[in-house]
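Morning, everyone. Have a look at the chain first.

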Amino acid sequence: MSAEPHAGASPAVFSTAESVELAVVERSGFVESRHAGSAVVLGPEGDIVRTLGAPDKPVFPRSSMKPFQAVAVMGAGVPLEGASAVLATASHAGTPAHLSVVRKLLAQAQLTEDALRCPADWPLDTAARDELVRAGEHKHPLYMNCSGKHAAMLLACRVNGWPTESYLDPQHPIQQHIRDTVERFTGEKVVATGIDGCGAPVHAMSLLSLARGIQRIATASEGSPFALFRNAALLKNAVLADGWAIDGPGRANTVVIDELGVFAKGGAEGVMVMAAPDGTTVTLKVLDGSLRAASIVALRLLADAGALSHDDVDRVAPKLDLAVLGRGEPVGAIRPSYA
């Protein structure tokens with residue numbers, strides 16, 4: 001991913017010296033790998049209750065930024081609701097149900113699948129991919145996990161009479177609107193802008209400002225006098241009602257949403273955001289970019305803060321693909337190890 005700093009910015013980067021160990025991979029009683037990173041936990045009222053590593057350093061949130069992008073689309077005059085709202089913030093698995101909603105968004109915009117500017121890809125869902133291969137299909141932008149977000153951006157362009165061909169240009173009205181929305185939720189100016197894997201602009205922010213922004217979405221009320229927060233509440237409620245749409249059956253974000261009622265959104269390169277029902281919010285970045293420990297670390301941090309029960313986290317953990325296998329049998333596990 002290429003990135004260019006925002007004018008006047010001197011973006012910092014994480015270093016191993018500033019990070020702490022978040023999780024280990026244990027095989028047969030031997031610690032085989034270690035995942036270092038940073039995290040921050042905000043209490044229900046927005047106070048900082050825990051920090052690990054350097055949560056003040058900026059990161060690219062990657063797909064964990066999608067909730068802001070979805071609320072921005074809604075603020076641009078697109079009345080998203082239900083599964084359509086969730087697909088706008090999803091990293092979907094490409095199941096037929098997901099693709100049906102993406103096609104619906106494109107049909108509302110009176111556009112074909114060719115209007116999508118995300119790269120061609122296969123579905124993340126193995127069964128969906130296998131079915132397409134058997135049918136002789138090929139990679140397509142529709143199947144890419146960000147296609148819902150792109151379809152929603154295109155719909156915003158059509159509603160406002162903005163050009164659709166250049167909708168990924170950072171200077172395009174929809175991208176400028178998204179950037180403004182990000183800054184309004186996080187309370188900080190964007191320090192750097194890069195190009196995400198799907199081709200859309202991605203804005204750097206600290207884990208702390210990311211947590212504040214996600215918490216404002218997760219605690220928003222549909223009765224707010226401000227449209228920004230009414231839209232945020234609609235998005236949050238849609239995600240909690242249709243967890244399948246944000247990820248996919250059996251996949252981490254969907255499991256956490258459906259089993260625990262936690263607003264969750266992972267991002268590439270080891271980023272995770274979660275907000276518990278009481279508003280307690282955690283954001284984290286795994287330094288090596290791996291997501292395999294991110295969900296369980298975030299859940300443990302929420303439980304340590306009293307926002308979830310440890311028993312509930314223990315109940316859900318076996319569904320998060322944490323087992324380390326030897327000859328197809330569990331011989332260890334990925335587990336949190338922060339102090």
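I'll go from the aromatic rings to the core, and then to a serine.

A reminder before we start: this is a predicted model.

Aromatics, then. How many aromatic pairs does a search of the whole structure find? Two. Take F185 and F229. Their ring centres are 5.8 Å apart. The planes sit at 80°, and over 60 counts as edge-to-face, so this pair is edge-to-face.

Where are the two partners in the chain? F185 is in helix α6, residues 173-186. F229 is in helix α8, residues 227-241.

F185 has 0% relative accessibility, so it counts as buried. F229 is at 25%, so F229 counts as partly exposed.

F68, F185 and F229 form one aromatic cluster. What else does F68 touch, beyond its neighbours within four places in sequence? Its contacts include T181, V182 and T186, along with F185. Also among them are M205, L210, I214 and I217.

F68 comes up again in the core. The largest nonpolar core has 112 residues. F68, L80, M274, V297 and L308 touch the most other members. Which element gives the most to this core? α11, with eight residues.

Leaving aside neighbours within four places in sequence, S290 is in contact with H35 and G270.

That's my tour. Thanks.

Methods: Residues numbered from 1 in each chain as written. Predicted model: local features only at pLDDT ≥ 70, side-chain atom pairs only at ≥ 80, totals over all residues. Heavy atoms only, no water. Contact = heavy atoms within 4.5 Å. Phe/Tyr/Trp six-rings, centres within 6.5 Å; stacked < 30°, edge-to-face > 60°. Helix = DSSP H or I, 4+ residues; strand = E, 2+ residues; numbered from the N terminus. Buried < 20%, exposed > 50% of the residue type's maximum accessible area, 1.4 Å probe, protein only. Core = buried A, V, L, I, M, F, W, Y, C linked by side-chain atoms within 4.5 Å.
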